[in-house]
Amino acid sequence: MSKEWPLWEIFIRGQHGMSHRHVGSLHAPDAEMAIHNARDVYTRRNEGVSIWVVEAKNISASAPSEKGPLFDPSNDKVYRHPTFFDIPEEVGAM
Amino acid sequence: MYAQMVKADGKGVKSREEMDAEERAFQDKIDRDVKIEPKDWMPEAYRKTLIRQISQHAHSEIVGQLPEGNWITRAPTLERKAILLAKVQDEAGHGLYLYCAAETLGVSRDDLLDQLHSGKAKYSSIFNYPTLNWADIGAIGWLVDGAAIMNQVPLQRTSYGPYSRAMIRICKEESFHQRQGYDLITKMAQGTKEQKAMAQDAMNRFWRPSLMMFGPSDKDSVHSAQSMAWKIKINTNDELRQKFVDQTVPQAEYLGLEIPDPDLEWNEERQSYDYGEINWDEFYQVISGNGPCNKERLGARVKAWEDGEWFRDALTAHADKKAAKKKKQQQDAA
């Protein structure tokens, strides 16, 4: 039996000026074919101007169980948001 | 509905007291409409049931290409041919989105395909009926895709993230399928006497099988409670079937086509149409492999897979060779 083609994660830039976004995955023998297949699977209605493909095994992901330690530290730094600071009305827009 | 008889794993819906801490946290997320993502903890029964449901849905999209593919070379105009090609290509795409969603649950594509090809996995009963005349292509888009949309729209809100995202993509494209079908059958219904007869003939053959797409009647649908608690099923089979009938009858009236059901009648009290009993024996026969085209459909699928093996192997060999060459060049340069 033939071996299964590797899995690729597909990222599409929807329009100029936007970043690439993950849209899904597909199987293909190599990167070149993955791009061809991605065109047919994910951009049949003009959804893209650029395609990135990454073999799924090369992606490392944060673990859901680490969500707390990973993201909590940013929760208590309200001063990072501009609305933390009161600017006197007389000063005007800032 | 493209997944008609998905047996939910587990021993029925657990009460909160019966759940352990992980199960309770999981159910709380679902109740709050927080999506479950691939790496999140989930009950094994949820995973297994979803694999079965999503893959059954994917298989239906793939096998669903066959009855329509039958007419690509015989479409009456170049425009209709191009539309049908695009539609069938969409179905392949929908199958691929759904296979990807199923794979995030830890099953391989080859395993899924093996299950389809061996007959272990099911696909929608509707694709085991033949497409005998050109108006059938209209009936499929209008009725079959129309019935599919009924089910797929609420599934966009399903609890499993990758499944929900696949459904959103699919729903965006599905409306084209239904409208091209209605447009096609409108042309036939408003055409010559012979064309109108073909449209009615298609209606006569596809109406009841379309109603069967929603799966067994609620009173016989034993696995719904758990699937609904998990939000992988949003409405009951009979709810969706009724909605479909109510939506479709006026569309048929506009075309001057008769619905082949002597018991069909507007119920003023319910503000809904009553319709005749469905032949459930036929449904169970078709879903278990004894429909008019089950053997032909599965045979065509297996043949395509086997005939394509040398090609898949060749592309793999080519990719391996290219990778080896690149590696050697890098080594030589170093």
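What volume does the second largest pocket have? The second largest pocket has a volume of about 1000 Å³. A pocket here is an open set of points on a 1 Å grid over the protein atoms alone, with protein on both sides within 12 Å along at least five of seven lines, and lining residues have an atom within 4 Å of a point. Grid points are joined across faces, edges and corners, and a volume is the space filled by probe spheres set on the points.

Before going further, note that this is a predicted model, in which local features need pLDDT of at least 70 and side-chain atom pairs count only at pLDDT 80 or more, while totals for chains, interfaces and linings use all residues. Residues are numbered from 1 along each chain as its sequence is written, chains are lettered from A and ligands numbered from 1 in the order in which they are written, and side-chain values use heavy atoms, with hydrogens and water left out.

**Stop 1: the second largest pocket**

Select Trp5(A), Leu96(B), Arg109(B), Arg301(B) and Trp305(B), which lie nearest the centre of this pocket among its 30 lining residues. Then colour the elements that each supply at least two lining residues: strand 2 and helix 1 of chain A, and helix 3 (65-69), helix 4, helix 5 (109-117), helix 12 (294-307) and helix 13 (309-333) of chain B. Helices (H or I, at least four residues) and strands (E, at least two) are DSSP runs, numbered from the N terminus. Helix 4 of chain B gives the largest share, five residues. The lining divides into 15 nonpolar, seven polar and eight charged residues. In this count Ala, Val, Leu, Ile, Met, Phe, Trp, Tyr, Cys and Pro are nonpolar, Asp, Glu, Lys and Arg are charged, and the others, Gly among them, are polar.

**Stop 2: the largest pocket**

Move to Glu9(A), His22(A), Val23(A), Gly24(A) and Arg165(B), the residues nearest the centre of the largest pocket, which has 39 residues in its lining. The space in this pocket is about 1300 Å³. Two or more lining residues come from each of strand 1 (7-13) and strand 2 of chain A, and helix 4 (78-103) and helix 7 (161-189) of chain B. Helix 7 of chain B makes the largest contribution, seven residues. By class the lining holds 19 nonpolar, eight polar and twelve charged residues.

**Stop 3: the interface of chains A and B**

Show both chains and select residues in contact (heavy atoms within 4.5 Å). The selection has 23 residues of chain A and 24 residues of chain B. Glu4(A), Arg44(A) and Arg45(A) supply 26% of the area that chain A buries against chain B, more than any other three residues. The area buried between the chains is about 2000 Å², and carbon and sulfur atoms give 50% of it. Buried area is the accessible area (1.4 Å probe) that two parts lose on being put together, summed over both.

Another salt bridge to display is Asp90(B) with Arg44(A), at 2.6 Å from N to O. Asp90(B) is in helix 4 of chain B and Arg44(A) in the loop between helix 1 and strand 3 (50-55) of chain A, so this pair joins two chains.

**Stop 4: the cavities**

Three cavities of 30 Å³ or more are found in the whole structure, a cavity being a set of points where a 1.4 Å probe fits but cannot get out. For the largest cavity, at about 50 Å³, select its lining residues, including Tyr2(B), Ser60(B), Lys87(B) and Asp145(B). The lining has four nonpolar, three polar and five charged residues.

Next select Pro67(B), Ile126(B), Phe127(B), Tyr129(B), Ile140(B), Val144(B) and Phe206(B), which line the second largest cavity. This cavity has a volume of about 40 Å³. Its lining has seven nonpolar, no polar and no charged residues.

**Stop 5: Lys231(B)**

Finish at Lys231(B), in the loop between helix 9 (224-229) and helix 10 (237-255) of chain B. Apart from neighbours within four places in sequence, Lys231(B) is in contact with Ile30(B), Asp31(B), Asp33(B), Thr158(B) and Ser159(B). Thr248(B) is 17 residues from Lys231(B) in sequence and 27 Å from it in space, C-alpha to C-alpha.

Terms used: Salt bridge = Lys/Arg side-chain N within 4 Å of Asp/Glu carboxyl O.
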